[in-house]
Amino acid sequence: MSNQGEKKGVSALDFFCIGFGAIVGVGWAVSINNWMVNSGGPVPAAVGYLLCLLIMVPFGLVYAELVPMLPVAGGGSAFAYAAFGEKVSFLSGWAAFGAFVAIIPWEAIQITDVLGYLFPVLKAGKPLYTIMESDIYLTTIIIGAVFSILLFLLNKRGLSSAASLQKILCVFLVGSAIIGAIAALVKGNPANLQPIYDNSLKEVTHKSFMGGAFSIITAAAFFLAGFETIPQGIEEAGGDIKSVGKTVVLSVGLACVFYAILLFCFGFGYKWEDFYQLSNPAAANMFKLIYSGGAGTFLYWLITIGAIAGLFTTWNGFFTASANLLMAMGRSRMIPAFFAKQDKNGVAINGLYLVLVLSLIGPFLGANMIDTVTCFSATAFVLSWMISSLSLLRMRKTMPHANRPFKLATPIAWWAGIVGVLFFVCMLLPFTPFYVGSKALIIFVVYIVIGIVLHLAAGGQRNQLSPHERMKNMFGELDLDEMRKM
């Protein structure tokens with residue numbers, strides 16, 4: 001376990017870039033037209049993301065309190081361990097890992113898809129095979145594999161190396177989006193936002209403006225995920241850990257606003273009922289239509305490269321976070337100890353190898369798997385956030401005097417817990433607007449069963465350590481028993 005006294009200098013700014021970059025990926029450029037039509041327009045979609053502030057920011061605030069209080073790898077798994085014990089800790093950690101690793105092959109699929117739009121020659125000729133009506137080509141498999149291996153090699157050097165790349169990519173991502181938003185406003189017209197609400201363009205269940213706004217919340221659980229990458233690297237934090245905790249809520253709050261602004265600006269820039277029909281990357285292709293000549297070409301490539309930068313910030317952010325989560329669970333023997341191994345750089349090397357394998361699988365699956373993967377990941381994320389919120393409420397009673405560099409207002413803590421429970425339950429019920437669908441639900445159940453089998457398989461190793469030893473492996477120098485007595 002990394003020595004908490006030997007910080008490696010990963011700053012709060014680095015962690016913000018890791019969190020924000022993991023949240024804001026490629027979706028703003030390739031999915032924004034779908035957000036519009038699925039919500040009934042850019043305005044209800046933008047309002048939906050602003051409503052997400054009421055759900056996601058309280059979750060972020062929960063982590064802002066818990067991260068500096070328990071600054072160890074594991075995130076939600078560690079919080080649940082301290083609050084409820086090993087079984088709930090395993091459920092939270094395994095759910096979070098499923099959410100993380102679903103995103104990794106998703107990004108590998110997206111990079112091949114986006115490059116295929118830019119360079120049609122990559123998808124020329126006869127495909128190797130077809131899966132779920134998606135053609136798979138040798139060239140796109142090779143591209144996905146190459147980028148997966150490059151990210152593996154970067155993350156193998158340690159979090160500080162990955163964070164350095166993340167900062168560069170984040171600057172380009174945000175800069176290109178800001179320029180695109182301004183350019184859309186310059187050429188825009190309020191008439192492009194009309195009709196403010198129209199649910200006739202695609203089969204949807206909502207029948208009102210607010211119904212359209214609320215409908216985006218399920219997808220938002222996926223497109224606003226990523227802030228939990230921050231606690232996974234907390235052991236390498238340098239400086240004020242309280243500031244690192246606050247970057248969690250800052251990253252998720254700004255991401256909500258970022259999406260809302262882009263929805264409004266792009267809807268203002270080009271008639272949205274036509275925008276949703278544009279081929280991907282939709283945001284980039286829009287600028288070719290509203291700007292002529294060199295300006296349109298420049299903006300097209302700026303937005304496209306910015307989208308690719310966002311794709312890599314998400315992919316990069318979840319690479320190490322997934323491995324560190326496995327390491328934390330392996331330390332306490334919730335899963336086999338094999339995953340607890342660290343190399344000389346402190347990297348969770350065996351977990352990183354597993355993440356590489358999962359990333360390499362992505363290009364073989366094809367783009368039509370994306371919707372199902374998105375819904376599965378969203379379900380797993382919400383389960384983990386719900387447990388973390390309940391863990392905070394539990395530790396307010398069991399550890400009332402523990403050191404909390406940041407303390408969330410009690411009503412907001414309760415709000416996060418209640419919203420977490422209701423949100424998760426609604427995602428499982430077919431008659432609610434948040435239902436994730438039968439395919440995603442089946443994958444989720446199968447995934448949980450696989451986790452239980454893996455947990456049981458680690459039972460022999462778990463029994464070789466006393467409960468105190470397992471706790472020490474998870475929390476290092478932090479003494480939970482002492483914290484409970486304070």
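Let's start at Asn33, which sits in helix H3, residues 32-39. Keep in mind as we go that this is a predicted model. Is Asn33 buried or exposed? It is buried, with a relative accessible area of 3%. And what lies by its side chain? A polar atom of the Asn33 side chain is 3.4 Å from the backbone oxygen of Tyr276. Leaving aside residues up to four places away in sequence, Asn33 touches Phe275, Tyr276, Leu278, Asn280 and Ala282.

So let's follow that contact across to Tyr276. You'll find Tyr276 in the loop between helix H12 (272-275) and helix H13 (282-290). Beyond its neighbours up to four places away in sequence, Tyr276 touches Asn33, Val37 and Leu201. If you'd like a sense of scale, Tyr276 and Ala255 are 21 residues apart along the chain, and their C-alpha atoms are separated by 22 Å.

How many of its nine residues are buried? Seven are, so H13 is largely enclosed by the rest of the structure. For those of you clicking along, the buried ones are Ala282, Ala283, Ala284, Asn285, Met286, Phe287 and Ile290.

Which residues touch the most other members of the largest nonpolar core? In that core of 169 residues, they are Trp28, Tyr49 and Phe266. The element that gives the most to this core is helix H14, residues 293-331, with 19 residues.

Now, H14 deserves a moment. Asn316 is part of this helix, and at 3% relative accessibility it counts as buried.

The crossing of H1 and H14 is left-handed. Who makes the contact? From H1 we have Gly21, Ala22 and Ile23, and from H14 we have Gly310, Thr313, Thr314, Gly317 and Phe318.

Helix H6 (residues 86-118) and helix H16 (residues 370-398) have axes that come within 8 Å and cross at roughly 150°. That angle makes H6 roughly antiparallel to H16. Their crossing is left-handed.

Let me finish with two spots in the backbone. As a reminder, most residues other than glycine have a negative phi, and most peptide bonds are trans. What about the peptide bond from Gln194 to Pro195? That one is cis, with omega near -10°. Pro195 is in the loop between helix H8 (159-187) and helix H9 (209-223).

The other spot is Arg333, which is not a glycine but has a positive phi of about 65°. Arg333 lies in the loop between H14 and helix H15 (349-361). With a relative accessible area of 18%, Arg333 is buried, because the cut-off for buried is under 20%.

That's the tour, and I'm happy to go back to any of these views on the screen.

Notes:
Residues numbered from 1 in each chain as written. Predicted model: local features only at pLDDT ≥ 70, side-chain atom pairs only at ≥ 80, totals over all residues. Heavy atoms only, no water. Helix = DSSP H or I, 4+ residues; strand = E, 2+ residues; numbered from the N terminus. Buried < 20%, exposed > 50% of the residue type's maximum accessible area, 1.4 Å probe, protein only. Polar contact = N/O pair within 3.5 Å; in protein donor to acceptor, adjacent residues only side chain to side chain. Contact = heavy atoms within 4.5 Å. Core = buried A, V, L, I, M, F, W, Y, C linked by side-chain atoms within 4.5 Å. Axes fitted to C-alpha atoms, helices over the stretch in contact; angles between N-to-C directions. Parallel < 35°, antiparallel > 145°, perpendicular 65-115°, else oblique. Left-handed = near helix turned anticlockwise from the far one by under 90°.
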